[in-house]
Amino acid sequence: MKRINLLSPRLANQIAAGEVVERPASVVKELLENSIDSGANKVDLEIDQGGVKLIRIRDNGGGITKEDLPLALSRHATSKIIELEDLEAVATLGFRGEALASISSVSRLTLTSRQPGNESAWQVQTEGREMDAVIAPAAHPEGTSVEVRDLFFNTPARRKFLKTEKTEFKHLDEVVKRQALGRFDVAFQLRHNGKVIHQLRQADSEIERERRIASVCGSAFVDNAMKVDMEASASGLRLWGWIGMPTFSRSQADLQYFFVNGRIIRDKVVSHAVRQAYQDVLYHGRHPAYVLYLELDPALVDVNVHPTKHEVRFRESRLVHDFLFRTIHRVIADARPDEQVTAQT
Ligand code: ADP
Ligand code: MG
């Protein structure tokens, strides 16, 4: 008979990493979420070789105290929730306390942070196996930097699944775009192999927001989009954003961004409602383009469905579905008199 062993923390983290750290893009997603949760309004990303060699992110957020630095890298350690009730209405993008532990178990990670108003910055470094973090003084402006080098250097099975640098960067870029669409109040910069890919300033006005949409989704989308802004007073649901005119349909569902309380999600209820609203004005096999934001009471949506937090569960999915359908249908109908459904792009 084999005896039962407790997994070492390192192995437990590596196993957990399998769930959330699939490729460089997933690392970037987690790190961006952390920067945004920290209250930063400026986030810079520097990537080398599709993110396999280097991912460096720097924010100007609230930082981490010296004492908390090693905790930040521990599994099930989070500053975002304390008890189950907090999860019922979680306002942050993260809450699982697993990302940094997972990422640091499969890479060479350096975390440097300085809290606003603090004289000094502190740094911890880990190298996959080394989970006992050593804290050292460092030079750093207010905020936090995370540097992830040599992703999967100690997990060859994972490394084998990585695609070409170009493909990995494409996934990573998509993650940055989503986050940039999700938070207009945050400035983003993305550099790859020294070249500036995105340089997005804070977008506070309508014009600046549309400029950001154009820069992320292409100006053709903005030029061919209708504005949505509807609030249902009874349910407190609000939907706003941009939907493509029927004439701007796509052969693929590649320009569809849907945010629930600032979190990008994929959801059957949502895509069904949108599809139905476009049903009469789109040719078969064509897909609508949209960037939409649904805001609702956090207690009405469960975000703890999947480790990557891409899925949600609406408590009142019928209500949400009908609200989305009616709102989008109305915008399309209102635009139709002078919008002939002819030349499909
Ligand atoms: P989670 O985001 O689910 O809490 P993480 O492993 O991603 O878990 O992060 C652990 C903790 O480290 C966070 O709860 C937060 O307190 C701290 N942290 C991580 N990144 C940052 C950052 N960029 N700025 C400030 N604090 C951070
Ligand atoms: Mg996190």
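Student: How many nonpolar, polar and charged residues does the shell around ligand 1 have?

Tutor: In this predicted model, the shell around ligand 1 is made up of 11 polar, seven nonpolar and five charged residues.

Student: Which residues are the closest to ligand 1?

Tutor: Of the 23 residues that surround ligand 1, the closest are Asn34, Ser38, Thr78, Gly94 and Ala99.

Student: Let us change topic. What domains does the assignment give for the chain?

Tutor: The domain assignment gives domain 1, spanning 9-200, and domain 2, spanning 218-335. Their C-alpha centres are 29 Å apart.

Student: How many residues does the contact take from each domain?

Tutor: The contact takes 12 residues from domain 1 and 12 residues from domain 2.

Student: On the side of domain 1 that touches domain 2, which helices each supply at least two residues?

Tutor: These are helix H1 (9-20), helix H4 (84-88) and helix H7 (165-182). H7 gives the largest share of that side, with three residues.

Student: What classes do the residues of that side divide into?

Tutor: The side of domain 1 that touches domain 2 has seven nonpolar, four charged and one polar residue.

Student: Now the open sheet. In what order do the five strands stand?

Tutor: The order is E9-E10-E13-E11-E12, and the pairing is mixed.

Student: Which strands stand at the edges, and why is one side of each left without a neighbour?

Tutor: The edges are strand E9 (225-232) and strand E12 (263-264). Each has a single partner strand, so one side of each has no neighbour in the sheet.

Student: In what sense do E11 and E12 pair, parallel or antiparallel?

Tutor: Strand E11, residues 256-260, pairs with E12 in the antiparallel sense, over two bridges. Phenylalanine 259 has isoleucine 264, in E12, as its bridge partner.

Student: Which residues is valine 320 in contact with, leaving aside neighbours within four places in sequence?

Tutor: On that basis, valine 320 is in contact with Leu237, Val269 and Phe314.

Student: And how far apart are valine 320 and leucine 93?

Tutor: Valine 320 and leucine 93 are separated by 227 residues in sequence and by 21 Å in space, C-alpha to C-alpha.

Key
Residues numbered from 1 in each chain as written. Chains lettered and ligands numbered in written order. Predicted model: local features only at pLDDT ≥ 70, side-chain atom pairs only at ≥ 80, totals over all residues. Contact = placed C-beta atoms within 7 Å. Near = placed C-beta within 6 Å. Nonpolar A, V, L, I, M, F, W, Y, C, P; charged D, E, K, R; others polar. Pairing = 2+ DSSP bridges. Helix = DSSP H or I, 4+ residues; strand = E, 2+ residues; numbered from the N terminus. Domains from an automatic or database assignment.
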